[in-house]
Amino acid sequence: MRKIDERILYLIISEEYCRGRSAIDIAGDAIAGGVDMIQLREKTKTPGEIIQLARGIKKLCVENNVKFIVNDDPAIAKEAGAHGVHLGQDDAKRFTIAFARKILGKDAIIGLSTSSIEEVERANTEDVDYIGFGPVFPTVVKENCVGIKDIEKVLKTTKKPVFFIGGINLSNVDELLMKGAKNIAVIRAISASDDVKIAAGKLKEKLEKA
């Protein structure tokens with residue numbers, strides 16, 4: 001389960017960016033469009049609400065051979081039956097990578113956010129299965145944008161699969177792919193689109209043709 005392939009389209013779902021639609025509906029349409037991984041990222045819901053929502057999305061993911069990740073909390077990921085957890089730098093101070101691995105087991109997927117070459121270098125020494133790097137473009141979700149200047153250096157430095165994230169959409173994804181990016185993670189480019197299935201399909205097509 002821990003292997004992360006290349007050309008992976010990773011959707012991060014937060015209902016606040018779903019334009020009034022449910023996370024379950026967004027997940028279903030996104031999977032139909034070609035999304036390979038889904039992360040549930042809810043910052044304002046209670047643990048119980050997150051677990052209930054996560055179980056519904058996880059069922060869809062299992063039925064379609066899509067990996068399902070929960071953000072922030074390995075205990076919630078475990079309770080929801082997720083394939084793994086994604087931790088930000090602050091999360092990894094509250095829940096160490098070793099603790100997350102102990103809770104979720106050796107076959108679980110653990111991801112870690114990074115935003116600098118130094119953090120990428122540290123991630124090389126951690127028991128994580130992939131890293132996220134960004135935000136590479138301006139986004140309403142994160143305040144600071146690191147830009148695309150270090151993409152090639154990140155790819156040379158990392159020993160882990162890397163997902164570039166932050167403001168990625170159909171109009172700018174080619175800039176990343178030309179620099180060697182093989183995996184991307186998006187939020188609003190799919191969740192906030194008029195047609196989720198078509199938006200996911202177009203991004204997946206660009207990934208596969210790169």
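**Helix packing, cysteines and loop residues in a predicted model**

At a relative accessibility of 74%, Asn 65 counts as exposed, where exposed denotes over 50% relative accessible area, buried under 20%, and partly exposed the range in between (1.4 Å probe, protein chains only). The structure is a predicted model, in which local features need pLDDT of at least 70 and side-chain atom pairs count only at pLDDT 80 or more, while totals for chains, interfaces and linings use all residues. Residues are numbered from 1 along each chain as its sequence is written, and side-chain values use heavy atoms, with hydrogens and water left out.

Asn 65 occupies the loop between α2 and β3 (67-71); helices (H or I, at least four residues) and strands (E, at least two) are DSSP runs numbered from the N terminus. Although Asn 65 is not a glycine, its phi is positive, at about 60 degrees. A positive phi, near 85 degrees, is also found in Asp 72, a residue other than glycine. Asp 72 is placed in the loop between β3 and α3 (74-80) and, with 12% relative accessibility, counts as buried. Most residues other than glycine have a negative phi, and most peptide bonds are trans. The peptide bond from Gly 134 to Pro 135 is cis, with omega near 5 degrees. Pro 135 belongs to the loop between β6 (130-133) and α7 (151-157).

Phe 137 also lies in the loop between β6 and α7. Its relative accessible area is 10%, and Phe 137 is therefore buried. Beyond its neighbours within four places in sequence, Phe 137 is in contact with Cys 145, Ile 148, Gly 166, Gly 167, Ile 168, Asn 172, Glu 175 and Leu 176, contact being defined as heavy atoms within 4.5 Å. Another partner, Cys 145, has 38% relative accessibility and so counts as partly exposed.

Helix packing was examined for α1. Two packed helices are described by the angle between their axes and the distance between the axes. Helix α1 (residues 23-33) and helix α2 (residues 47-63) have axes that come within 9 Å and cross at roughly 15 degrees. Axes are lines fitted to C-alpha atoms, for helices over the stretch in contact, and angles run from 0 to 180 degrees between N-to-C directions. The two helices are therefore roughly parallel to each other, given that angles under 35 degrees count as roughly parallel, over 145 as roughly antiparallel, 65 to 115 as roughly perpendicular and the rest as oblique. The crossing of α1 past α2 is right-handed, a crossing being right-handed if the near helix is turned clockwise from the far one by less than a right angle, and left-handed if anticlockwise. On the α1 side the contact is made by Ala 23, Ile 24, Ala 27, Gly 28 and Ile 31, and on the α2 side by Leu 53, Gly 56, Ile 57, Leu 60 and Cys 61. These residues comprise eight nonpolar, two polar and no charged; Ala, Val, Leu, Ile, Met, Phe, Trp, Tyr, Cys and Pro count as nonpolar, Asp, Glu, Lys and Arg as charged, and the others, Gly among them, as polar.

Two residues of this contact were considered individually. Gly 28, in helix α1, is partly exposed, with a relative accessible area of 25%. Cys 61 is buried, at a relative accessible area of 0%. The structure holds zero disulfides, a disulfide being a pair of cysteine sulfur atoms within 2.5 Å. Cys 61 is accordingly in no disulfide, and the nearest cysteine sulfur, that of Cys 18, is 14 Å away.

Helix α1 also packs with helix α10 (residues 196-209), at an angle of about 40 degrees and with the axes 7 Å apart. This angle makes α1 oblique to α10, and the crossing is right-handed. Here Ile 26, Asp 29, Ala 30, Ala 32 and Gly 33 in α1 meet Val 196, Lys 197, Ala 200, Gly 201 and Lys 204 in α10. By class, this contact has five nonpolar, two polar and three charged residues.

Asp 36 is found in the loop between α1 and β2 (37-40). Apart from its neighbours within four places in sequence, Asp 36 is in contact with Arg 7, Ile 8, Leu 9, Val 66, Lys 67 and Lys 204.
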